[in-house]
Amino acid sequence: MSKTRSVAIFVAGVVVTLVVVTAFHAANALPKGASPYRKLNIFARVLTYVENNYVEYVDDSKLIYGAIKGMMETLDPHSTFMPPEQYKQMKVDTQGEFGGVGIEVEVRKKWITVVSPLEGTPAQRAGLRAGDQIRSINGKTTAGMRLFEAVRAMRGPRGTRVHIVVKRPGKAGMLKFAIVRDIIKIVSVSSKMLGPRLGYVRLKKFQERTDRQLRDALTRMTKGGKLRGLILDMRNNPGGLLDQAVRVADLFIEKGLIVRTRGKRGRMLDNEKAHSKGTFSDFPMICLVNGGSASAAEIVAGALQDHKRAVVLGTHTFGKGSV
């Protein structure tokens, strides 16, 4: 590239920067208390400036989706906007299977953070843990990387390798992992008998039909008579669908509040209560949790504890209390 062309591109970049700064200065000049929708005019002007003056072509959808994502991310670490491709990926997470390493992640303190490795997956076998901060994927830093981008980077065909560098709380330096991707099959419920009439159920994740799978497991266990006790294991359960958390809790609780959702200014958005029909309530329970138990798993554990339906054992859970 010639020196002249390089200078021309640099100048074009400066012009766009100056125009955008001027536009935002104009936004601040709006009357105090003005409707936020009046500021959409500023957004339209900036979009026009970028389209007309930015040195490279930029896709309109990318610009608009990026603006909406930025708006949502100013709210809290969990609110986000899903473009169609990302939404399809989320549906895969709750319905089917995919090629990847098998970890649930979210943005915490500006870093891609492991909520929990899924049981029996390459990530668990490699030694990734809840709370690990993923600092790079295949040599690319995750600083400023969106959650969707990080998930997409770690997924891929079975048998391919992904290199992950993590910072583990309480450990000096970085830990490096080279993980071979596999087909991740999302099976949410497993069960077995630990002894005469002593049941054990492992809830790995809350996805579609988790409540049906759990009901089937409990029906098999109680077919030979009343259980002496049940261990409900939700360690490293990263959560999932809220409605499934309600239905799972309802299987053990006869009546009363399961979870309440409050909105702006404390306005009640939803009140989910238990129903007596079809409840498995005639045996004692222990509920196991740890730092990888999050979201829907915390709702179930909290409901069981509040209704004194189960003794909750383990360590502090992940701490995600938002919808």
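View 1. The model holds one aromatic pair, counting rings of Phe, Tyr and Trp (its six-membered ring) whose centres lie within 6.5 Å. This is a predicted model, where local features need pLDDT of at least 70 and side-chain atom pairs count only at pLDDT 80 or more, while totals for chains, interfaces and linings use all residues. Residues are numbered from 1 along each chain as its sequence is written, and side-chain values use heavy atoms, with hydrogens and water left out. The ring centres of Y65 and F81 are 5.4 Å apart and the planes sit at 50°, so we call the pair tilted (stacked is under 30 degrees, edge-to-face over 60, tilted the rest).

**View 2. What the Y65 and F81 pair links.** Y65 belongs to helix α3, and F81 to the loop between α3 and α4 (84–95), so the pair ties together parts 16 residues apart in sequence. Helices here are DSSP runs (H or I, at least four residues), numbered from the N terminus. Y65 is partly exposed at 30% relative accessibility, and F81 is partly exposed too, at 22% (buried is under 20% relative accessible area, exposed over 50%, partly exposed in between, with a 1.4 Å probe and protein chains only).

**View 3. R108 over the ring of F318.** Here the charged end of R108 sits 4.0 Å from the ring centre of F318. To count, NZ of Lys or CZ of Arg must be within 6 Å of the ring centre and within 35 degrees of the ring normal.

**View 4. R309 over the face of F283.** R309 lies 5.1 Å from the ring centre of F283.

Definitions and conventions: Helices (H or I, at least four residues) and strands (E, at least two) are DSSP runs, numbered from the N terminus.
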